[in-house]
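Hello,

Here is the structure I promised to pass on to you. Please have a look at it first, and then read my notes below.

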Amino acid sequence: MSNLATHTSYDPPLVDGNPSFHDITEWVSVHNERKAKPYWWAGFSIAAMLTIMLVTCFLYLFWNGIGVWGNNNPVGWAWDIVNFVFWVGIGHAGTLISAVLFLFRQEWRTAINRSAEAMTIFAVICALIFPAFHIGRQWMAYYLFPIPGQMGMWPNFRSPLLWDVFAVGTYFTTSLIFWYTGLIPDIATLRDRAKLGSLRQKVMAFLSLGWSGSMKNWLHYEKAYTIFAALSTPLVLSVHSVVSFDFAVSQLPGWHTTIFPPYFVAGAIFSGFAMVATLLVPLRKLYNLENIITIRHIEKMNIIILVTGSMVGFAYMMEFFVAWYSGVQYEIYAFVNRAFGQYWWAYWTMFTCNVVTPQLFWFKKLRTSMTATFVLSIFVNIGMWFERFVITVTSLHRDFLPSSWDYYSPTIIDILTFIGSFGLFFFLFFIFMRHLPVIAVAEVKMILPQADPHFYEDHAGDGHHTHESAPTVKPSHS
Amino acid sequence: MAQVFSKASNRLPLIALVGGLGFLLFTIWFISYYFSPKYTDVGYAPKQPVPYSHQFHAGELGMDCRYCHSNVENGAIANLPATQTCMNCHNQVKPESVKLLPVRESWASGKPIEWVKVHMLPEYAHFNHSVHVNAGSKGGLAVGCETCHGRVDEMEVVSQVQPLSMSWCLECHATPEKYLRPAELITKMGYDQSRPADQEAKNLEVIKKKGIAPPTNCSACHY
């Protein structure tokens, strides 16, 4: 990876504190090896309780039926679909970081890719449970898959809802395997550091698939990693495009627009990076990883939030322009109703959080401030949830038939289920941060100055180095 | 460092992969056969209150199906005969047979014989016999009794030979030319085994001319 580096000696180092290879291992692994701190137990317990609440809500729904949610004609899609799109969208940042930024040799990704990928997987899990229960008769969920059966009945391949099953299913499996592949060398490190004969050593040995760190292992690993990156890259664009087809392929004013796929993808990356920031700003502090996840990393993510947030803002305005330009009164009404109808409060919450908030990152002071990043990332999360709410509910509640127009409100079960999904997300994330390395240790080592094959030429082979050394120009392919 | 696992465990990923895939395929095959009517329903041959032999009546004696199941061309249900139908002959033929005692009892008391239904469809699926056996607008083509019920003329005890599953219905609705026969031969047994070679081509011609398109939409049967 480092032999195709774009990070030159002119740039500030990616890792602060001038660590050795071993320091990186120590910094990251220590959190998996020592006893959990009280804050971990506190967070984990709260998340576990919320997860139990989520399970209870779903059991209650399973027993009583979908009526326990606020969904009713004409608003058949409500919080369940909103939450699904919200969670799937969040996942996209992880894939962008792990695949696209990898192919573009953005070495700063190594500090954040592991936890971002974990976030992706957990977010997709949270997403998938909503449509699984939305279908109503959950014991018939196998109808979603093309399984040979005595009825000779197959899913409707012309339905975007089926494409969605495949898109999100592929996304989940690919992300999981990609994440696991990247974890193997690091799990092997944990295995080698574990006490001989301990259960921990056995589990880690099992999970590291016999990784020995040989040249052959690394060769296979790098090839596999590149292939997975190439496979995942189209998914960054395709998955949320297909999710947007759930809406765009229908005939409903406000949904039936060609701008949806790019607009959804931009929104997904926007919300995903915000969630990465929400997770990593506290995590770097709690785990003392300030040297690896530096303010420069956070700033780069904030710039991506600014760019994608501006795309989303542009899309909001284009929707209004196209509605007006179409000259179709129903199309115009759908959008005027969004901004000034009964759900005006949702629209302007969305607009403020998604359009105004990211623009604050034009100020260097704000985008290099941890506090500002954390606070603004929460606003973006809120805004992106409201975006899905606005799209889903405002288009539906003004049906084709004015006599069926209605105002949708969630029930308490809707609200508790949504809160519970955050519980599940953090439950999984707490387990992850406790038992697996939250930083891709092997990859961070590759971007240390010492990993450069020419490092010791520049530094007279003494093994010690300073960043103030004379700038050298590396050949583009060494 | 000593290895945590023995050398044999090197084969574990391969075994898990192949085994997992094999298990998945096995499960799909197992469920698609053993959970389907091909396994659960075919061969159902309940004991009837009277040991009536189709093999003898329809086979050896060559009685037409419609002598007893008289309503098949006019209604949704191919009715079971009333006791009177049996007694048309059996007040003369074997009037003292012990086997026929329940029939005579039914005749005397007026209480119907409780035949056990063999070919059952779920209540949410409608099948209309008259539509299938009548030529009507179908250009002289119809579905023979035998196509769904099998060689009843060879059955001592009637049993179900076809799965009557939805995919089985749809198979004929999608490619009717393979199963239709001239309407005058609907009750002929053994026709399917000795179909004229050109029957399918002839059927296709009629199907095309008459625009015969058996419905495959949900509400064709589920209404």
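In chain B, counting contacts between residues at least 6 apart in sequence, 74% join residues at least 24 apart. Please keep in mind that this is a predicted model.

Staying with chain B, its secondary structure consists of ten helices and two strands. Read from the N terminus, the order of elements is α-α-α-α-α-α-α-β-α-α-β-α.

As for burial, 13% of the 223 residues in chain B are buried.

Helix H5 (residues 160–193) of chain A and helix H7 (residues 215–248) of chain A have axes that come within 9 Å and cross at roughly 155 degrees. Angles over 145 degrees count as roughly antiparallel, so H5(A) and H7(A) are roughly antiparallel to each other. Their crossing is left-handed. Where H5(A) meets H7(A), the contact has 20 nonpolar, six polar and two charged residues.

Finally, the two chains touch: chain A gives twelve residues to the contact and chain B gives 13 residues. On the side of chain A that touches chain B, there are six nonpolar, five polar and one charged residues.

Technical notes:
Residues are numbered from 1 along each chain as its sequence is written. Chains are lettered from A and ligands numbered from 1 in the order in which they are written. This is a predicted model: local features need pLDDT of at least 70, side-chain atom pairs count only at pLDDT 80 or more; totals for chains, interfaces and linings use all residues. Two residues are in contact if their C-beta atoms, placed from the backbone, lie within 7 Å. Ala, Val, Leu, Ile, Met, Phe, Trp, Tyr, Cys and Pro count as nonpolar, Asp, Glu, Lys and Arg as charged, and the others, Gly among them, as polar. Helices (H or I, at least four residues) and strands (E, at least two) are DSSP runs, numbered from the N terminus. A residue is buried if 20 or more other C-beta atoms lie within 10 Å of its own, exposed if 12 or fewer, and partly exposed in between; C-beta atoms are placed from the backbone. Axes are lines fitted to C-alpha atoms, for helices over the stretch in contact, and angles run from 0 to 180 degrees between N-to-C directions. Angles under 35 degrees count as roughly parallel, over 145 as roughly antiparallel, 65 to 115 as roughly perpendicular and the rest as oblique. A crossing is left-handed if the near helix is turned anticlockwise from the far one by less than a right angle, and right-handed if clockwise.
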